[in-house]
Amino acid sequence: MRRILFGIGIILFIGLLVLRCDIPMTKNGIVGAYSNTNYGNEPCCLETPHKADTLILKSDGTFSSEYYGNGTYKIYYGILTTEIDWTYEYEMGKAGHSAYFSNKIFEKPKIILNYDLNHYYEKVE
């Protein structure tokens with residue numbers, strides 16, 4: 001009986017762990033359009049959009065966005081994380097931004113801009 005309860009506990013623990021962990025992204029999974037719809041929070045950072053915006057990541061390593069304009073991006077793959085750095089031109093020269101992907105089971109992939117304020121881009125296509 002103890003073995004059965006121990007086995008059930010281990011299975012539940014592993015199941016919860018799998019549901020909470022991010023699944024690493026693939027190159028084909030990253031490419032697409034991401035929409036920023038939760039921009040109503042208090043502005044915390046100048047480099048994050050505080051209006052409706054769509055970020056389009058293209059397969060050739062470039063992106064386009066109404067907020068950032070056009071630029072390039074690089075993807076860094078970790079064991080359980082996928083990070084993105086993008087650079088773009090603005091009126092004072094070059095700028096960049098770093099973020100990471102959240103790809104949980106039963107959720108759409110997201111680019112997390114600010115975790116504490118729940119500010120992200122969500123994949124729409």
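Which residue of β6 does Y90 stand opposite? In the predicted model examined here, Y90 stands opposite G93 in β6. The strands β5 and β6 pair in the antiparallel sense, and eight bridges are found between them.

This pairing belongs to a closed barrel of eight strands, which runs β1-β2-β3-β4-β5-β6-β7-β8 with antiparallel pairing. Neighbouring strands of this sheet are turned against each other by 30 degrees on average, direction ignored. With regard to confidence, the protein chain has an average pLDDT of 84, and 90% of the residues score at least 70. Confidence is highest in strand β3 (residues 62-65), at a mean of 93, and lowest in helix α1 (residues 2-20), where the mean is 75.

The largest nonpolar core comprises 17 residues, of which Y34, L57, W86 and I111 touch the most other members. At least two residues of this core are supplied by each of β2 (53-57), β5 (82-90), β6 (93-102) and β7 (110-114). When neighbours within four places in sequence are left aside, the contacts of L57 include I30, V31, G32 and Y34, together with F63, I84, F101 and I111.

Strand β5 also contains T82, which counts as buried because its relative accessibility is 2%, under the 20% cut-off. A polar atom of the T82 side chain lies 3.2 Å from the backbone nitrogen of M25. Leaving aside neighbours within four places in sequence, T82 is in contact with M25 as well as with P24, I30, I75, Y76, Y77, Y100 and F101.

Notes. Residues numbered from 1 in each chain as written. Predicted model: local features only at pLDDT ≥ 70, side-chain atom pairs only at ≥ 80, totals over all residues. Heavy atoms only, no water. pLDDT = per-residue confidence, 0-100. Helix = DSSP H or I, 4+ residues; strand = E, 2+ residues; numbered from the N terminus. Core = buried A, V, L, I, M, F, W, Y, C linked by side-chain atoms within 4.5 Å. Buried < 20%, exposed > 50% of the residue type's maximum accessible area, 1.4 Å probe, protein only. Contact = heavy atoms within 4.5 Å. Polar contact = N/O pair within 3.5 Å; in protein donor to acceptor, adjacent residues only side chain to side chain. Pairing = 2+ DSSP bridges. Axes fitted to C-alpha atoms, helices over the stretch in contact; angles between N-to-C directions.
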